[in-house]
Amino acid sequence: MLEIRNLCGFYGNSAALRNVELSVGDGEFVAVLGRNGVGKTTLLRALFGLLDRTTGEIRLGGEDISGWPTHKRARAGIGYVPQGRGILPEFTVMENLRMGAFARTSDRGEEVESLVFDMFPMLSEFAGRAGGNLSGGQQQQLAIARALLTDPDIIVLDEPTEGIQPNVVELIEDVIVKLNRDHGITIVLVEQDIGFARKASSKFAIMEKGRIVASGAADELTDELVHRHMSV
Ligand SMILES: Nc1ncnc2c1ncn2[C@@H]1O[C@H](COP(=O)(O)OP(=O)(O)OP(=O)(O)O)[C@@H](O)[C@H]1O
Ligand SMILES: [Mg+2]
């Protein structure tokens with residue numbers, strides 16, 4: 001479904017991604033792991049054309065999308081939940097959700113809407129409230145809902161439980177697992193919680209200094225690998 005080949009990415013002249021290779025099959029759940037500052041967010045940004053420059057290939061369903069503008073990638077079936085949520089604080093919950101619905105090209109509007117409002121009851125409750133007045137956990141639910149309304153085949157989430165109160169962490173983790181297992185949505189998740197990554201994912205990739213230094217099936221994510229590449 002998603003094939004990343006020899007991907008290099010740059011901020012100005014400095015290389016932030018080095019020869020990244022990653023393949024994500026239909027229905028898989030890939031956890032992208034690594035210490036702070038190793039390039040996890042940069043990799044996701046590269047998928048959406050948000051870096052100054054990239055080289056290499058990003059194939060989605062066989063087609064190289066690496067030269068496409070960001071909005072066209074969103075319409076091609078990948079949803080993005082950025083680190084720090086990226087909702088529009090001055091706009092209401094409903095207006096934020098409309099941004100997602102606007103990027104949808106499928107005709108499954110009613111289905112995805114009922115899915116999203118079932119998963120996140122707070123959205124109806126706070127529909128008219130400004131995004132910026134929601135709690136961190138509510139903003140994260142809004143960001144995930146907005147991405148889901150594009151009716152994506154694959155959803156890319158960047159540390160969705162970072163800085164969120166524990167009861168909402170559980171809700172968000174359950175939703176991510178459900179999207180994958182019950183709705184067949186392919187997941188790429190940047191995650192700091194190794195326990196959740198092990199439990200939820202089918203594959204892992206560990207980054208260091210802009211490269212993928214270890215990858216494999218989730219049950220191959222040994223304590224030794226975690227210690228070597230992730231302890232601080
Ligand atoms: N806009 C930018 N301009 C220049 N360099 C940047 C920019 N954003 C990130 N970097 C650099 O690129 C490298 C990778 O950063 P990135 O944000 O991708 O790391 P990360 O793995 O997501 O870290 P974290 O776990 O803290 O979110 C870091 O050295 C960072 O300083
Ligand atoms: Mg990051």
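**Exercise 1.** Across which strands does helix α7 lie, and at about what angle to β8 does α7 run?

*Solution.* The model is predicted: local features need pLDDT of at least 70, side-chain atom pairs count only at pLDDT 80 or more, and totals for chains, interfaces and linings use all residues. Residues are numbered from 1 along each chain as its sequence is written, with chains lettered from A and ligands numbered from 1 in the order in which they are written.
Step 1: helices (H or I, at least four residues) and strands (E, at least two) are DSSP runs, numbered from the N terminus.
Step 2: α7 (residues 166-181) lies across β3, β7 and β8 (186-190); contact requires C-beta atoms, placed from the backbone, within 7 Å.
Step 3: α7 runs at about 150° to β8, where angles span 0 to 180 degrees between N-to-C directions and axes are lines fitted to C-alpha atoms, for helices over the stretch in contact.

**Exercise 2.** State the strand order of the open sheet and identify the edge strands.

*Solution.* Step 1: the order of the six strands is β6-β7-β8-β3-β9-β10, with mixed pairing; pairing requires at least two DSSP bridges.
Step 2: β6 (78-81) and β10 (211-217) each pair on one side only, as edge strands.
Step 3: from one strand to the next, the twist averages 15°.
Step 4: α6 packs on this sheet, touching β6 and β7 (154-158).

**Exercise 3.** Describe the pairing of β3 with β9.

*Solution.* Step 1: β3 (residues 29-33) and β9 (residues 203-208) are parallel, joined over four bridges.
Step 2: valine 30 has lysine 203 in β9 as its bridge partner.

Notes: Contact = placed C-beta atoms within 7 Å.
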